Amino acid sequence: MENGIDKVSGSMLFSEEELIEVSGLKKGGDFVEVTCGCTSHRYGDAVGKLRVFSNGNLEITCECTPGCNEDKLTPAAFEKHSGRETARKWKNNVWLIVKGEKVPLSKTAFLKYYNQASKNGNGIHKAHSGRVCHRDEFVRCSRCKKERRFRLRTKEECRIHHDALADVNWKCSDILYDRITCDDDEERASRRVYRGCSRSPTCKGCTSCVCFGCEICRFTDCSCQTCIDFIRNAEA
């Protein structure tokens, strides 16, 4: 169990009835992958691969063109990337192909884990507005000086980033969840602006995506001043 949500095998996430005739279906370790897309009246269809995780996370790898390298996009970021004119309605604008027809994501079963996580706050810190409050952050490698992205959706991910930020000698090879070395290219500037804000895909920091301390990103076994201050305030 991770932050109150059981990790479920991809083969157990959805019933056979929920998956019937859904295009691009692939079952992974703790996710299900399907073909998705978003339509712009100007640019046409942008197609991608949507991964639905048991903890509520949604990630899209864009395949709009053969040379597109945009991956791990939130649905809102994918909607913006596609050029959709009426953005910020990704639940209706992002679609799956079911029985050969485009069906809005909101009319499928693929949002049930996202909705459950949003309702319960499990694994996701939420502001008073109910929106995600941990955007992606970057840490610079002490060797190659390239900045690397850290996702902050769960307590485990927040701890990895927290420890990396505190380590003045942190380097690319210290990343545990991805095989990145100093030889790998730094993220393109056009990709770096997408940091997971639920209000605006290219947000530079707001109350909907910047957290100033919560039980997810602060740790009782850490002796840094930030964590100590948070614990003292919580106990006061």
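Colleague: What makes strand β2 (residues 31-40) mostly covered?

Modeller: Buried means under 20% relative accessible area, exposed over 50%, and partly exposed in between, with a 1.4 Å probe and protein chains only. In β2, 9 of the 10 residues are buried, so we call the strand mostly covered. Bear in mind that this is a predicted model, where local features need pLDDT of at least 70, side-chain atom pairs count only at pLDDT 80 or more, and totals for chains, interfaces and linings use all residues. Residues are numbered from 1 along each chain as its sequence is written, and side-chain values use heavy atoms, with hydrogens and water left out.

Colleague: Why are β2 and β5 said to pair?

Modeller: Two strands pair if DSSP finds at least two bridges between them. β2 and β5 (residues 94-98) have 3 bridges, in the antiparallel sense, so they pair. G37 stands opposite W95 there.

Colleague: And which way do β2 and β3 (residues 44-53) run?

Modeller: Antiparallel, with 10 bridges joining them. C38 has A46 as its bridge partner in β3, and a hairpin links β2 to β3 through 3 residues.

Colleague: How many bridges join β1 to β2?

Modeller: 2, and the strands run antiparallel. K27 stands opposite V32 in β2.

Colleague: Why is E21 called exposed?

Modeller: Its relative accessibility is 51%, so E21 counts as exposed. E21 sits in the loop between α1 (16-19) and β1 (26-27); helices (H or I, at least four residues) and strands (E, at least two) are DSSP runs, numbered from the N terminus. E21 also has a positive phi of about 55 degrees, though it isn't a glycine.
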